[in-house]
Amino acid sequence: MDVVIAFALIVLLFAVLGSGLWIGLSLLAVALIGMELFTSRPVGDSMMLTIWGSTSSWTLTALPLFLWMGEILFRSKLSEDMFKGLAPWLNRLPGRLLHTNVVGCTIFAAISGSSAATCATIGKITLPELKKRGYPDDISIGTLAGAGTLGLLIPPSIIMIVYGVAANVSIAKLFLAGVIPGLLLAALFMGYIMVWALFNKDKVPAADAAMSFGQKIHASRHLIPVVSLIVVVLGGIYSGIATATEAAALGVAGALVLAKIEGSLNWARFREGLVAACRVYCMIGLILAGAAFLTLAMGFIGLPRHLAEFIGALQLSPFALMLLLIVFFIILGCFLDGISMVVLTIAVLLPTVEAAGFDLIWFGIFIVLVVEMAQITPPVGFNLFVLQGLTKREVTWIARTAMPLFFLMIAAVIATYFFPDVVLWLPRQMQG
């Protein structure tokens with residue numbers, strides 16, 4: 001009977017989400033109905049305590065701070081300077097300036113924490129330049145769609161903070177665990193561009209005029225402020241000097257100082273960045289609150305226990321379970337954004353994941369990787385929407401151009417299963 005009730009609530013949830021109601025309110029409404037009709041616990045007290053507990057965590061304070069840091073940089077000239085600093089070093093690689101999409105997203109991801117912000121910022125810089133120089137639209141947009149997802153994997157990452165709070169694991173260790181997989185995934189994307197360029201030499205424009213080593217170094221001075229900010233934020237976390245929240249505060253202060261020094265910080269932009277960060281965080285906070293209450297309701301009804309028993313009865317090997325979860329999250333990603341996917345599923349899946357012997361730090365990176373895939377799968381792929389706004393192309397066309405990078409992400413997930421030290425080596429060094 002409990003299974004039937006839980007299934008009915010899931011169907012109701014998708015129906016409410018499909019109606020266009022805000023995700024956070026949809027979660028709260030379904031949880032309220034479930035608690036009222038199928039449990040004897042006082043609904044008002046449960047809702048109040050759960051919402052307060054889910055949104056008042058000190059660890060969660062890092063989230064709005066990293067959002068604000070990204071918004072400050074998004075509105076400054078620092079992001080524009082990245083292209084000037086990167087282009088001279090990439091001009092001789094197969095694929096030439098197409099690599100600015102990947103390297104630019106990798107660098108900006110380390111100071112943004114948001115996939116959509118990374119994709120939008122780098123896209124505004126690189127796409128006009130690549131088009132002006134004659135690079136094909138499909139490879140330019142496709143590589144940007146895939147590389148933009150690095151905003152979730154390379155720390156600081158908003159999804160990692162949400163997962164860390166939901167799963168009660170160290171956010172600092174999660175940040176460190178994402179560094180090597182993020183760099184390897186960026187290398188895979190660059191490798192794809194090189195292979196494409198070797199098979200499509202006629203579509204790659206001629207190289208720019210050669211520059212001496214000294215000229216390249218001089219052009220790279222534009223990268224110094226951004227790299228310095230990355231060192232301050234991630235170095236503070238890795239060294240143990242600062243927690244994730246304290247590092248986020250340092251990042252905001254550093255971003256404000258750099259934006260002021262290079263002349264793009266004024267009162268209007270300061271206010272716009274603060275309001276934008278507050279707006280995004282309020283959306284995320286409402287989702288977290290609704291998901292926490294829905295998780296509580298599902299717990300009282302018995303869904304997590306029944307799901308764990310069902311998966312246990314299948315007697316899947318850990319590898320088969322991982323493949324099943326990949327398919328599950330890809331399907332879920334067609335309907336929900338990444339944060340909603342994490343907060344909705346973690347409490348339900350954790351007992352099963354722990355029983356299968358998965359390390360929760362490794363599983364956090366696994367979750368981030370599969371959520372990355374969801375960013376470029378229609379109809380609810382956030383990066384697809386961002387690029388549609390930038391390019392005015394159809395979402396399905398953009399998704400097709402990003403498909404090779406989608407398969408590279410699947411390969412990366414499977415590789416981390418067979419070589420878990422790729423994920424766990426850095427966190428173990430911190431522990432030591």
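**Close-up 1. Packing of helices H17 and H18.** The axes of H17 and helix H18 (residues 338-355) come within 12 Å and cross at roughly 160°. Because angles over 145 degrees count as roughly antiparallel (under 35 roughly parallel, 65 to 115 roughly perpendicular, the rest oblique), H17 is roughly antiparallel to H18. Axes are lines fitted to C-alpha atoms, for helices over the stretch in contact, with angles from 0 to 180 degrees between N-to-C directions. Helices are DSSP runs (H or I, at least four residues) numbered from the N terminus. The model is predicted, so local features need pLDDT of at least 70 and side-chain atom pairs count only at pLDDT 80 or more, while totals for chains, interfaces and linings use all residues. Residues are numbered from 1 along each chain as its sequence is written, and side-chain values use heavy atoms, with hydrogens and water left out.

**Close-up 2. A nonpolar surface patch that includes Leu 324.** Phe 310, Leu 314, Leu 316 and Leu 324 make a nonpolar surface patch of about 350 Å². Patch members have over 30% relative accessible area and no salt bridge; nonpolar side chains (Val, Leu, Ile, Met, Phe, Trp, Tyr) are joined within 5 Å, and like charges within 9 Å. Areas follow the Shrake-Rupley method with a 1.4 Å probe, and for residues only the protein chains shown count as cover. Leu 324 lies in helix H17 (residues 318-333) and is partly exposed because its relative accessibility is 39% (buried is under 20%, exposed over 50%, partly exposed in between).

Close-up 3. The axes of helix H6 (residues 99-112) and helix H13 (residues 224-239) come within 9 Å and cross at roughly 50°. H6 is therefore oblique to H13, and their crossing is left-handed. For H11 and helix H22 (residues 403-418), the axes come within 10 Å and cross at roughly 140°. These two helices, H11 and H22, are likewise oblique to each other, but H11 passes H22 in a right-handed crossing.

**Close-up 4. The salt-bridge network of Lys 131, Asp 137 and Arg 393.** Lys 131, Asp 137 and Arg 393 are linked in a network of salt bridges, each defined by a side-chain nitrogen of Lys or Arg within 4 Å of a carboxyl oxygen of Asp or Glu. The closest N and O atoms of Lys 131 and Asp 137 are 3.2 Å apart. The side chains of Arg 393 and Asp 137 meet at 3.0 Å, N to O. This second pair links distant parts of the chain, 256 residues apart: Arg 393 in the loop between H20 and H21, and Asp 137 in helix H8 (residues 137-148). Lys 131 is exposed at 54% relative accessibility, whereas Asp 137 is partly exposed at 21% and Arg 393 is partly exposed at 31%.

Close-up 5. Most residues other than glycine have a negative phi. Asn 168, not a glycine, has a positive phi of about 60°; Asn 168 is found in the loop between helix H10 (158-167) and helix H11 (171-199). Its relative accessibility of 72% makes Asn 168 exposed. Phi of Lys 392 is near 65°, and Lys 392 is found in the loop between helix H20 (382-391) and helix H21 (395-401). Lys 392 is exposed at 69% relative accessibility.

Terms used:
Buried < 20%, exposed > 50% of the residue type's maximum accessible area, 1.4 Å probe, protein only. Left-handed = near helix turned anticlockwise from the far one by under 90°.
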